[in-house]
Amino acid sequence: MFKFGKVALCLFLFIGLFFGRCSLAQAEQPAGQADTFQAEVIEIINTDNKLREDGTFFEQQDLRLRALDGRLKGQELIYYGVSDIEVGNANVYQIGDKVFVDSYVNDIGQTVYYVVDFVRSGPLIWLTVVFVLVVLLIGRSKGLRALLGLLISFFIIIKLMLPRILAGGNPLVISLISGVIILTFIIYLSEGFRRKSHIAIFSVLLSLTVTAILSVIFTTLTRLSGMSQEESNFLIGTTATAINFRGLLLAGFVIGTIGVLDDIIIGQIEAVEQIKKLNPALSARQVFNSAYKVGNAHLGAIINTLFLTYASTSLPLLLLFIVNAGQISLIRVFNMEIISIEIVRTLIGSIGVVLSMPIATGLASLFLQRSD
């Protein structure tokens, strides 16, 4: 119970420090420089239904808004969303909705307001609360340590990894170091400072190194630039130093493999530990063969999970290619960079995961003792 309380205290302290720092940063930002604020829809002034070329309808609205924060807090303003062309997103707003608003000064010196999107903070916070409660209820102290590991991962990526990439550092090297640091924290937090944890971390280091090497080789061979994604174009010119977009792509490959590596490596080491406890007379080779069969049973599901994860983020793009299947050949589709990236990402991630299984099993069979 004392152990559970200590971990809980660490978790809440970490949350308090992190969000406290974020709030402080926001408070220190000069109000005059804020171009984005929250507002509430208080009146639907005008609504216009229009027809797209594909026969579907979309709706445009003129809205009266009341600013909820920022330098315009409490003031009423108007968003003119009805125009001759389809602009903005496809959202339809109702009275009482809270929205994000951008303001800017046009060519003739007038301040123009543009509704960006809904404010979704409320439902997201409630979903987060439900997630935390379910994890704590089911996992108890183990679940609490998992949540703390999640916060540490988020902190390392946002506060350490990404700022160093933006400062001009090598994205692949930074992501590799960050990945090892993240998994070191997670593994020691969940498994304790034991030989089992040391073996897991060494297995992670070997697996991530192989993944990084393969990423460099095949992004070079396939001549991937990392510039095919729309988000990359928005980053051009936003920093004092040039961003290495191919390196950023490689960093994504490494970070995307981390979560699955943690799962399979810890699972394999646990399998070896249990086999050794049940039959201490088995040799290292016999233990390896038994645990290897256990790992093989999970590989198919893990690889399929990787593929479905990447495919799920590209469903609109895949639909676009299916719609234009008669105009674009399949070989042309596979050779498009945006598709080639997903193929390389999935296959390299799968190779790293597959190799991690025998690596972790072999190291655990050789060096893990029954007393560990």
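Start by selecting R223, which sits in the loop between α4 and α5 (230–235). Helix labels here follow DSSP runs numbered from the N terminus, where a helix is H or I over at least four residues and a strand is E over at least two. This is a predicted model, so local features need pLDDT of at least 70 and side-chain atom pairs count only at pLDDT 80 or more, while totals for chains, interfaces and linings use all residues. Residues are numbered from 1 along each chain as its sequence is written, and side-chain values use heavy atoms, with hydrogens and water left out.

Back to R223: though not a glycine, R223 has a positive phi of about 55 degrees. R223 counts as exposed because its relative accessibility is 69%; the cut-offs are under 20% relative accessible area for buried, over 50% for exposed and partly exposed in between, with a 1.4 Å probe and protein chains only.

Next, pick R140 in helix α2 (residues 121–166). R140 isn't a glycine either, yet its phi is positive, at about 50 degrees. With a relative accessible area of 55%, R140 is exposed.

Now zoom out to the whole chain. Take contacts (heavy atoms within 4.5 Å) between residues at least 6 apart in sequence: 66% of them join residues at least 24 apart.

Time for some charges. Side chains of opposite charge can pair when their charged atoms come close. The structure holds nine salt bridges, each a side-chain nitrogen of Lys or Arg within 4 Å of a carboxyl oxygen of Asp or Glu. Select D117 and R120 to see one, at 3.0 Å from N to O. D117 is partly exposed at 21% relative accessibility, and R120 is partly exposed at 40%.

Then show K196 and E270, whose side chains meet in a salt bridge at 2.2 Å, N to O. This pair ties together distant parts of the chain, with K196 in helix α4 (residues 195–221) and E270 in helix α6, 74 residues apart. K196 counts as buried, at 3% relative accessibility, whereas E270 is partly exposed at 28%.

E191 leads on to helix α3 (residues 171–191), whose axis comes within 8 Å of the α6 axis and crosses it at roughly 20 degrees. Axes are lines fitted to C-alpha atoms, for helices over the stretch in contact, and angles run from 0 to 180 degrees between N-to-C directions. That makes α3 roughly parallel to α6, a label for angles under 35 degrees, with over 145 roughly antiparallel, 65 to 115 roughly perpendicular and the rest oblique. For the contact, select residues including L176, L183 and E191 of α3 and V254, I258 and I266 of α6.

Last stop: helix α6 (residues 245–278) against helix α10 (residues 337–367), packed at an angle of about 25 degrees with axes 8 Å apart. These two are therefore roughly parallel as well.
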